[in-house]
Each structure stands twice: as structure tokens, then as C-alpha cells.
Amino acid sequence: MEKIRTTYSICPKCGKQISAEILIKDDGVYLDKGCPEHGNYSVLIWKNKRDILSWYGDTEPAVTLKNDLCPEYCAKNGLCPEHKSSTCCTLLEVTERCNLNCRFCFADKKNGPDITLEKIKEEISSFVIPRKTLVQLSGGEPTLRDDLPEIIRAAGELGCKYVQLNSNGIRLAEDDNYVKNIAEAGLSFVFMQFDGTDDEVYLKLRGRKMLAIKEKAIENCAKHGLGVTLVPTIVPGINSMQIGEILRYGIMRSPAVRGVHFQPVGHLGRIPSIPENQSRFTLDELMSEIEDQTGGLIRAENLQPAQSDHPLCGFHGDFIVTKNRKLYPLTVKRSDASACCCGIDDLATRKREFIGRRWKRAEASPCCQETSSEDMSDMDSFLSRVTLNGFTVTSMAFQDAGNIDIERLQMCRLHVAKEGKLIPFCVNYLTLWADG
Amino acid sequence: MEENKKLICSRCCVDFKMYKANFSYLDHSFNTEVMRCPSCGQVYIPEDLAKGKMMQVEVSIEDK
């Protein structure tokens with residue numbers, strides 16, 4: 001057993017801040033912590049499928065926290081002065097209503113009345129940075145609002161550069177005119193729940209068959225020029241064996257599908273039970289499964305931590321889909337990564353622009369005309385292919401009351417907008433285990 | 001540079017010619033045609049190429 005880091009976490013029962021250690025053990029890496037009142041916890045965070053020390057890189061460990069109320073303070077008051085990272089993406093809930101009742105749901109909404117359009121405008125005005133902000137319209141299920149086109153239009157008029165829709169795809173499949181309206185209103189791209197390539201998965205996770213719905217939603221979005229990123233929630237034993245199939249499904253549908261964004265199941269919001277270590281699906285395990293299940297089509301070495309995030313919060317891989325549906329990798333581990341600054345040197349902006357560039361479908365322009373050439377060393381062919389058929393494989397590993405690491409939390413760039421405050425995503429949706 | 005304007009190498013006093021040049025950035029190599037001195041190999045990168053295609057390529061392969 002080797003201690004590699006000291007940090008802070010919370011007691012999963014009372015939520016109080018406590019110190020924690022990251023320990024490499026024989027069967028994985030654990031976050032160990034103890035609450036004077038509720039006892040000790042040892043939570044699996046990594047399964048040794050990849051070297052965690054190398055993955056951490058030169059990320060600074062958490063220093064002594066001055067705010068002993070973090071993250072409780074942030075939940076009530078928004079980002080505290082010790083928060084290290086500026087906002088990349090701002091999530092705004094536009095409804096509490098939903099047309100599904102999923103087994104896992106980070107939001108766990110209670111069907112309350114919708115926030116008014118005026119209030120939404122006020123909220124956006126409180127956080128918008130003109131020509132920079134990326135806002136995610138979320139819920140509930142945002143497409144239950146008939147005035148979503150007005151919301152999208154208002155976000156654009158208030159200065160948001162990118163407007164993302166988080167959706168289960170049901171209305172996008174059933175109402176083509178609605179898709180046309182949200183596209184015309186200025187929606188940038190769709191983040192669509194997509195858990196698998198057969199209906200068994202949807203019956204287990206979402207309570208109904210949904211594969212045909214997803215297919216139709218992608219088709220409708222493509223018709224109106226909206227890029228779709230597939231977002232699977234990976235639950236061990238339910239769809240963890242479909243990772244390769246999901247990727248192949250997305251690659252076959254490029255450029256309509258812009259990538260796959262994996263979310264290993266997060267035990268926050270609505271959770272069926274207190275998570276045991278064996279129910280956790282870790283980031284290194286996901287990368288290993290991606291390589292195995294795609295038969296090497298995607299190699300783990302082409303998946304790297306984002307420079308703009310804490311390394312344990314996710315990874316990204318950037319590719320070009322070739323005409324024979326293979327992937328040409330752009331992401332590799334680089335020794336000179338820190339020197340990589342020819343484009344954008346502000347990390348939040350860099351991440352936001354990466355997202356916008358990749359998840360949005362290319363508009364017709366001279367730079368991105370379809371080319372017959374696949375010579376990636378030719379500058380014109382490369383630019384055409386990367387713009388039209390760029391494909392990203394990304395992941396975000398949410399934190400819960402068990403594995404929450406304040407070192408990671410301090411670097412969070414995904415913030416929920418609530419009554420004029422910005423709250424780190426995993427704090428906003430944190431579910432304590434008090435009733436477990 | 002104005003289109004179709006002839007360029008002469010300041011060192012060798014010979015006409016530049018179009019030539020396929022290779023550029024490397026972050027472990028990737030790309031080529032495109034630029035004006036080059038056939039004698040000493042000096043190349044001319046116009047501003048619109050540097051701020052246009054080259055910049056786009058650089059940003060495309062930079063990390064998230």
C-alpha cells in the first residue's frame with residue numbers, strides 16, 4: 001500500500017469536510033477517509049488499468065484549505081474564493097418536468113412549475129460573458145417546453161456563443177417541426193442520452209424501449225444541421241459491455257454524430273442505493289474497455305486527460321473519421337504539452353472552443369468543402385476532414401458523496417447557474433447517504 | 001503580398017518558385033505550397049496563410 005496524495009473529502013452521511021488520503025492498493029486506488037461521528041470509508045477510484053501517477057501528471061495537490069465549509073458553503077453561496085478554475089460550461093435548468101423516470105438521474109427533479117422565460121433571461125444575464133459563454137439547457141427534459149426556441153433565441157441575444165441542449169431525444173424524434181424551430185433559433189448542438197444499441201439497455205435504465213427513438217432523433221437533427229453527441233451513462237453489468245458498439249454506432253453516423261461522451265454512472269441526484277465499490281465504473285476501466293471493445297480502433301494512448309480539467313474528472317480523444325469508417329487519431333500524450341499555446345492560452349476558453357468546434361456541425365464554407373483526398377498531411381485535406389468529420393471520444397466522471405475529492409472540486413469548470421450563483425456540478429447534485 | 005506578384009530572394013537574387021513545404025506542429029506534419037527560393041531554400045509565408053490555414057490547423061490539433 002502506497003500513499004500518493006493527501007486531500008479533502010466529506011463524510012458521505014453528514015457532509016462535513018474531512019481529510020482524505022489517496023492510496024494505491026493491490027486491487028486498485030482508493031480514497032480513504034474517516035468521520036469522527038460516522039466511521040471510516042474506503043472508496044475505489046481507480047482500478048490500476050493505467051498508471052495513476054502518470055495520469056495525474058504535474059497536477060498540484062490540494063493545499064491546506066482555508067474554507068473548512070467547502071463544499072457546503074459552495075452549495076449555498078456559489079463558488080468560494082478558493083475555487084481555482086473559471087467557468088467553461090454553465091448548466092441552466094429550464095424545467096423540472098420529465099417524460100422519463102430513469103433509474104439513475106443526476107437531476108432527480110420533482111415536477112415543479114417551470115421557471116418563466118423572464119426569469120431565465122435574468123439568470124443568463126447574471127452569468128453571461130458576451131461571445132464566450134457556453135450554456136447547457138438542461139432539466140428535467142428541456143424539450144417539454146414549447147417555448148424552448150424562444151429560450152435559445154434569448155440566450156443568443158444575451159451574448160451566449162454556444163447553446164447546448166441536453167435531451168433524451170423523445171421530442172426530437174417525434175416532432176420534426178420542433179427540431180427545425182430550435183435549429184433556426186440558434187441551437188449549437190445536442191447532447192443526447194444514448195445508453196446502448198439494443199432496447200434491453202433502455203428497458204433497464206430508462207423504463208422503455210428507446211433505440212428507434214434515438215435513431216429518429218439523430219435523423220431529424222441531421223436534417224436541420226444540428227450535430228448530436230451521444231451521451232451514455234455506463235452502468236457495470238447493464239451496458240458496460242456495449243461501449244464498443246456505442247462507439248461504432250456513432251462512427252457510422254459521422255458527421256451527424258459528432259462524438260461520444262461517456263459518463264460512468266454517477267451516484268448523485270436520484271440513486272437506487274448507496275454505491276458499493278463493485279458498482280463503480282472507473283475512468284481507467286472505461287479507457288481499457290474502449291480499447292478492448294473496439295478491437296484497437298481506439299487505443300487508450302489516444303485518450304488523454306484534458307489540460308483544462310482535473311485529470312481524474314475525465315479524458316478526451318480527438319479523431320477524424322475516414323471514409324472507410326476508421327479513426328485517424330489527433331490526440332497523443334505529449335512531452336511538450338505545456339508549450340502548446342499557438343491557439344488559445346486561456347484554459348476555460350480553450351476547452352469551450354474545443355467543445356464548440358467539435359460538437360457543432362460545420363456550416364458550408366470554402367474551408368470545409370468535402371474533399372476526395374484522405375491525405376492527412378495535406379493541409380487542405382486535413383482541414384476539410386477535421387471540420388466535417390471530426391469525432392471526439394470524451395468522458396466526464398462525476399463525483400458523489402463517497403468519492404468526492406475537493407482537490408478535483410476546486411478545479412471544476414462545469415457550473416450550475418442558480419439564482420445568480422454558480423455552483424460546481426457535483427456539489428449541486430450531491431446526494432448524502434444519510435438515509436441509507 | 002499582392003496576388004501574382006513576383007518575389008525575388010533577397011540573398012540569391014533569383015525568382016521564388018512554388019514549392020510543397022512541410023510544417024510540423026505537436027507531432028503532426030503537414031504540407032502546403034509556398035513560395036521558395038530554389039537556390040537557398042528560404043521560404044515566404046504570407047500573412048493570410050499564417051493567420052488562416054496554418055492557424056486553423058494548429059488550433060485543430062491542440063488539446064482540450
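Start by selecting β15 and β16 (residues 421-424) in chain A: four bridges join these two strands, which run antiparallel. Strands here are DSSP runs (E, at least two residues), numbered from the N terminus, and two of them pair if DSSP finds at least two bridges between them. Before moving on, know that this is a predicted model: local features need pLDDT of at least 70, side-chain atom pairs count only at pLDDT 80 or more, and totals for chains, interfaces and linings use all residues. Residues are numbered from 1 along each chain as its sequence is written, while chains are lettered from A and ligands numbered from 1 in the order in which they are written.

Now zoom in on Lys418(A), whose bridge partner in β16(A) is Lys421(A). Two residues sit between the strands of this hairpin, and Glu419(A) takes a positive phi near 50°.

Next, select residues 414-418 of chain A, which make up β15. Four of the five are buried (20 or more other C-beta atoms within 10 Å of a residue's own, with C-beta atoms placed from the backbone).

Pick out Thr90(A) and you'll find its bridge partner in β15(A), His415(A).

Over to chain B, where β1-β2-β3 is the order of an open, three-stranded sheet with antiparallel pairing. Colour β1 (17-25) and β3 (43-44) of chain B: each has a single partner strand, so one side of each is left without a neighbour in the sheet. Finally, select β2(B), residues 28-36, which nine bridges join to β1(B). Ala21(B) has Thr32(B) as its bridge partner in β2(B).

Methods
Buried ≥ 20, exposed ≤ 12 C-beta atoms within 10 Å, placed from the backbone.
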